[in-house]
Amino acid sequence: PDLTPEPEDFTAHDALLMRRALDLALLGAHTARPNPMVGCVVADADGRVVAEGWHERYGGPHAEVNALNNVPPGIDLAQCRVYVTLEPCSHFGKTPPCADLLIARGARDVVVCNDDPNPLVAGRGYAKLREAGIRVRTGLLADEGRRLNRRFFTVQERNRPYLILKWAESRDGFVAGPGGQPVAISGPAAKMLVHRWRTEEQAIMVGTRTALNDNPQLNVREWPGPNPLRLVIDRTLTLPTTHHLLDGSQPTVVYTNKEQPDRDNLSFVTVPAQQDLLPAILDDLNARRVQSVLVEGGPALHTMLLEAGLWDEIRVLRSRTVRIGAGGVVAPPLSLTGLREQHDLGPDELFVFG
Ligand code: AOF
Ligand code: ZN
């Protein structure tokens, strides 16, 4: 058979159905990971939706399985078009290959959003379908799909978690007062937003100075959703055990140069000296299958990551009203080209890069 891809001749209706599949995929947020979020829509010859499904949880059936199980009796799949947001898998993982299922069920026409970068699949899913004579077209709404699964794609392609650097700075560009003294910078809307962000990432990290000076809880209080894994760098183990991060209230990893036995909810990971710190931390996070980290500071950690090129997104909340004045702790250098997005949060402005 001719295995060359068909030209992209998607209609607006194709895009509408793929957008629906992406919306379904999102229902697997928090539960599908470390698998990608995947959605699937089956439409009849008139373009009407006859079945839907998504990958609901890690280890569970894939999106295509759930969608095909929902196809009502009497519907001939050969007369339908299947929209799926990720290349159907070709491997025997926790479930048998979705490509085989589509073939067995008589699908003739498949539209895909993103290629699966997983080396177990990576093109083999398409090859299986095309060898069976199925029409396969790819890349519909690919940018939206890449954004939806940006954490999964980053882990697969860069072998490290997706890294979001976040800080709040005063109108005059400081993140703390003299000597690192905490200053209330953000307003209530920004604070809520930060708590929502915490629910969206798997882990949250701070450096030593921030842990010491701010005594942060790094949990979620102002938005519904799961708490992230807490990560703190404390090379010399100087953080007082009375600080929130060491209270054992939720799983916390401490990166340190000193050996220390784990205790309730606290895991101590020995990392080498300064220069090798980041690779060691990223290795540990890979081993834990952490797909994303919200790095909440401080500027020393942010600057270290910025200089190493280890970031995917930067989110800066800048107050319109709070000033700190000379002597404060300066915000990380934002020598990035081009402002990507700017949002108005009332008393604060949000800048998003990346
Ligand atoms: C699909 N449809 O809905 C998903 C796919 O461990 P397993 O067996 O669940 O396989 C996980 C891998 O399968 C994952 O890394 C990705 O490559 C693919 N995910 N594929 O056809 C789906 N979630
Ligand atoms: Zn599959």
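1. Ala168 is in strand β6; strands here are DSSP runs of E with at least two residues, helices are runs of H or I with at least four, and both are numbered from the N terminus. Ala168 is buried, with 25 other C-beta atoms within 10 Å. Buried means 20 or more other C-beta atoms within 10 Å of the residue's own, exposed means 12 or fewer, and partly exposed lies in between, with C-beta atoms placed from the backbone. Leaving out residues up to four places away in sequence, Ala168 touches Val175, Ile185, Ser186, Ala190 and Leu317. Contact means C-beta atoms, placed from the backbone, within 7 Å.

2. A word on the source. This is a predicted model, in which local features need pLDDT of at least 70, side-chain atom pairs count only at pLDDT 80 or more, and totals for chains, interfaces and linings use all residues. Residues are numbered from 1 along each chain as its sequence is written, while chains are lettered from A and ligands numbered from 1 in the order in which they are written.

3. UniProt lists Ala168, Arg198, Thr210 and Asp214 under "binding site", in an unreviewed entry. UniProt positions follow the numbering used here, feature names are shortened, and annotations may be inferred rather than shown by experiment. Asp214 sits in helix α8, residues 208–214. Asp214 counts as partly exposed because it has 19 C-beta neighbours inside 10 Å.

4. The unreviewed UniProt entry also places the feature "active site" at Glu64. Glu64 lies in helix α2, residues 63–69. Glu64 is buried, since 29 other C-beta atoms lie within 10 Å. Beyond residues up to four places away in sequence, Glu64 touches Cys40, Val84, Pro88, Cys98, Leu101 and Leu102.

5. Now the ligand. Ligand 1 is surrounded by 17 residues, where near means a C-beta atom, placed from the backbone, within 6 Å. The closest are Val38, His55, His62, Gly93 and Asn118. By class, the shell has eight nonpolar, six polar and three charged residues. Nonpolar covers Ala, Val, Leu, Ile, Met, Phe, Trp, Tyr, Cys and Pro; charged covers Asp, Glu, Lys and Arg; the others, Gly among them, are polar.

6. Helix α4 spans residues 124–131, and Gly125, Tyr126, Lys128 and Leu129 are buried in it. Seen down the axis of α4, these buried residues fall within an arc of 160°, so they line one face of the helix. The arc is that of the directions from the helix axis to the C-beta atoms. Their cover includes α3 (98–104), β4 (109–114) and β5 (135–137). Gly133 follows α4, with a positive phi near 85°.

7. Helix α10 covers residues 299–307, and its buried residues are Pro299, Leu301, His302 and Leu305. They cover an arc of only 160° around the axis, which puts them on the same side of α10. An α-helix has 3.6 residues a turn, so residues three or four places apart point the same way. The buried residues of α10 pack against β6 (162–169), β7 (174–176), β9, β12 (292–295) and β14 (329–330). Gly309 follows α10, and its phi is positive, near 70°.

8. Strand β9, residues 229–233, holds Val232. Val232 is buried, because 24 other C-beta atoms lie within 10 Å. Apart from neighbours within four places in sequence, Val232 is in contact with Val206, Ala211, Leu239, Leu245, Thr252 and Val254. Val232 and Val82 are 150 residues apart along the chain, and their C-alpha atoms are separated by 45 Å.

Definitions and conventions
Two residues are in contact if their C-beta atoms, placed from the backbone, lie within 7 Å.
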